[in-house]
Amino acid sequence: MSEPLLRTESLVKRFGGLLVTDSVSIDVRPGELHAIIGPNGAGKTTLINQLTGELRADSGQVLFAGENVTALGIHLRARRGLLRSYQITSIFEGFTVLENTVLAAMGAKEHAFRFWKPILARQDLVDIANQALEITNMRDLAEMPAAELAYGQRRQLELAMALAAQPKVLLLDEPMAGMSVQESASVVAMLKRLKGSHTILLIEHDMDAVFALADRITVLVYGKAMFSGSPEEIRNHPEVKAVYLGDEAIG
Amino acid sequence: MSSTKSNIWKAGTLVPLVIFLLFILVPVWGHYTDHNFYVAYFARILIYAIAVVALNLALGYGGLVSLGHALFMGLGAYSVALPAFYGIDNGWIHLLICLLSCAIAGLITGAISLRTSGIGFIMITLAFAQMGYFLFVSLKQYGGDDGTSISNTSQFFGLDLGGVYEVYVVSLVVLILATWWMARVRVSPFGMVLRGARQNARRINAVGFPSNQYLLVSYVLSAMLCGVAGLLLANLNAFASPSTLSWIISGDLVVMLVLGGIGTVFGPILGALAFLGLEEILKMFTNHWLAIFGLVIVFIGLLGKAGIAGFLDGISRRLAGASKVKPANQGAKT
């Protein structure tokens with residue numbers, strides 16, 4: 001088995017008296033799609049925030065590509081290739097789709113203390129951005145101001161921005177939240193295409209999607225990583241069934 | 001981002017270009033009609049426009065609402081006045097002192113102010129400017145409250161900035177270069193990160209740019225350019241006083257920028273011209289000009305958040321009949 005690309009060691013986060021992340025140790029291996037499921041309030045987004053560095057963990061460690069990144073801020077982790085998409089869409093409304101994506105492509109690679117040439121004159125970055133827009137089916141909308149995008153398109157742009165950073169690990173926080181059935185189907189198809197070439201940690205509510213996509217699933221309950229295993233194992237695990245999936249058969 | 005070639009006939013670009021052309025003609029006209037007063041008056045407009053361009057970098061692009069930019073204008077002015085007091089009239093030394101003092105002051109006050117945001121940022125920049133104000137008031141040997149007149153204006157290779165035509169031409173060149181640079185920087189990586197930080201600072205960090213570092217650099221650059229405006233102003237007036245550092249000047253700069261169009265390329269020049277022009281015109285009619293002035297500013301404020309520049313863009317869009325393209329400067333949500 002290959003060395004995990006992203007790993008946490010007994011990560012703990014408290015908000016006041018509330019234990020939101022309870023000694024979580026998970027790992028993401030290169031090339032796999034690892035999904036995290038759990039009921040509302042299980043601390044999934046809080047966990048992602050600690051992985052990206054937006055939240056400081058109270059104790060425990062985050063190891064990324066063999067390096068301890070626990071003390072690093074978000075932009076330094078992004079520079080190392082740990083990128084995320086947001087559950088609540090977070091794009092630059094005043095820029096076009098292409099500008100959003102090119103900015104994301106640049107941020108992962110270099111500083112922006114360049115004061116003269118237009119950013120869109122950087123053909124190498126524009127090419128990377130266009131590839132990301134191609135994958136997310138956003139190429140035709142490249143010139144559109146982001147403020148005018150429909151909801152589903154914003155989510156797609158969010159993904160394109162994460163992809164344009166050419167991440168080593170992609171953290172996707174409910175990429176299908178609020179999408180129509182057709183839109184989520186196209187995102188599932190897209191993630192299937194990305195699988196294998198990208199290492200992905202996926203948080204998702206849509207069980208059909210998770211079971212269709214994931215190589216491995218971790219169940220998070222009340223901040224605790226209750227169980228990790230293949231979709232098959234999760235499906236048949238009695239405790240998981242009881243806590244999260246209910247008694248109904250899934251499939 | 002629309003291409004610049006098709007842009008040039010739009011009102012939003014055409015009007016400022018005509019204004020620049022008229023600015024070039026002012027000294028010619030003044031020379032033949034001997035209206036030195038008006039050349040000096042327009043030089044003042046140019047100099048304020050430079051300061052507003054400087055403010056636009058921090059406030060318009062970066063969203064840093066500074067109510068303390070008079071500090072840097074004052075430092076620029078005293079960079080001429082203090083050496084001149086000791087008989088040093090070398091303009092390069094004045095400029096060096098100006099750029100250095102503004103860079104250091106900008107770095108220190110910026111780094112501290114950036115620990116806050118919103119109202120806190122406004123109050124802290126204001127407080128720093130007031131500290132500068134009272135510092136120069138307390139320097140009695142340089143005139144204190146009354147200020148000091150400058151007998152040795154800046155000399156650059158035999159060019160005396162004290163002459164009204166000289167300072168006019170230099171100010172115009174600086175303003176054109178600064179405006180050009182602002183147009184370039186707007187879509188450059190640096191400008192995009194600043195404008196991105198204004199829209200969504202958290203996201204800029206997540207993309208991989210530490211927003212505060214970029215904002216600090218913009219603040220320092222803004223301070224230095226604002227200092228240059230102060231240096232020119234001191235030469236124009238042959239006078240420097242603490243009133244250059246007063247918070248009223250800081251406020252005027254912000255009003256000029258809002259008037260002209262926050263975050264737009266030509267907004268600063270339009271705003272400075274409208275503000276100072278209106279002031280002069282209204283003064284001719286009544287002593288109570290401030291009352292009318294206030295009403296006019298309210299009215300222009302109602303035109304929308306993009307000020308005069310946005311208004312002109314709106315005209316050309318209506319003329320073109322195409323509402324498909326939104327103005328490029330719409331990222332104005334802070």
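In this model, 27 residues of chain B are in contact with 29 residues of chain A, where contact means that the C-beta atoms of two residues, placed from the backbone, lie within 7 Å. The model is a predicted one, in which local features need pLDDT of at least 70 and side-chain atom pairs count only at pLDDT 80 or more, while totals for chains, interfaces and linings use all residues. Residues are numbered from 1 along each chain as its sequence is written, and chains are lettered from A and ligands numbered from 1 in the order in which they are written.

**Where chain B touches chain A**
- The elements giving two or more residues to this side of chain B are helix H7 (164–187), helix H8 (189–207) and helix H9 (211–237) of chain B, helices being DSSP runs of H or I with at least four residues and strands runs of E with at least two.
- H8(B) gives the most to that side, with 13 residues.

- Not counting residues up to four places away in sequence, Ile50(B) touches Ser171(B), Val174(B), Leu175(B), Ala178(B), Leu225(B), Val228(B) and Ala229(B).

**Chain A as a whole**
- Chain A has nine helices and eleven strands.
- Of the 251 residues of chain A, 45% count as buried, which requires 20 or more other C-beta atoms within 10 Å of a residue's own.
- Along its principal axes, the C-alpha trace of chain A spans about 60 × 40 × 40 Å.

How values were computed
Buried ≥ 20, exposed ≤ 12 C-beta atoms within 10 Å, placed from the backbone.
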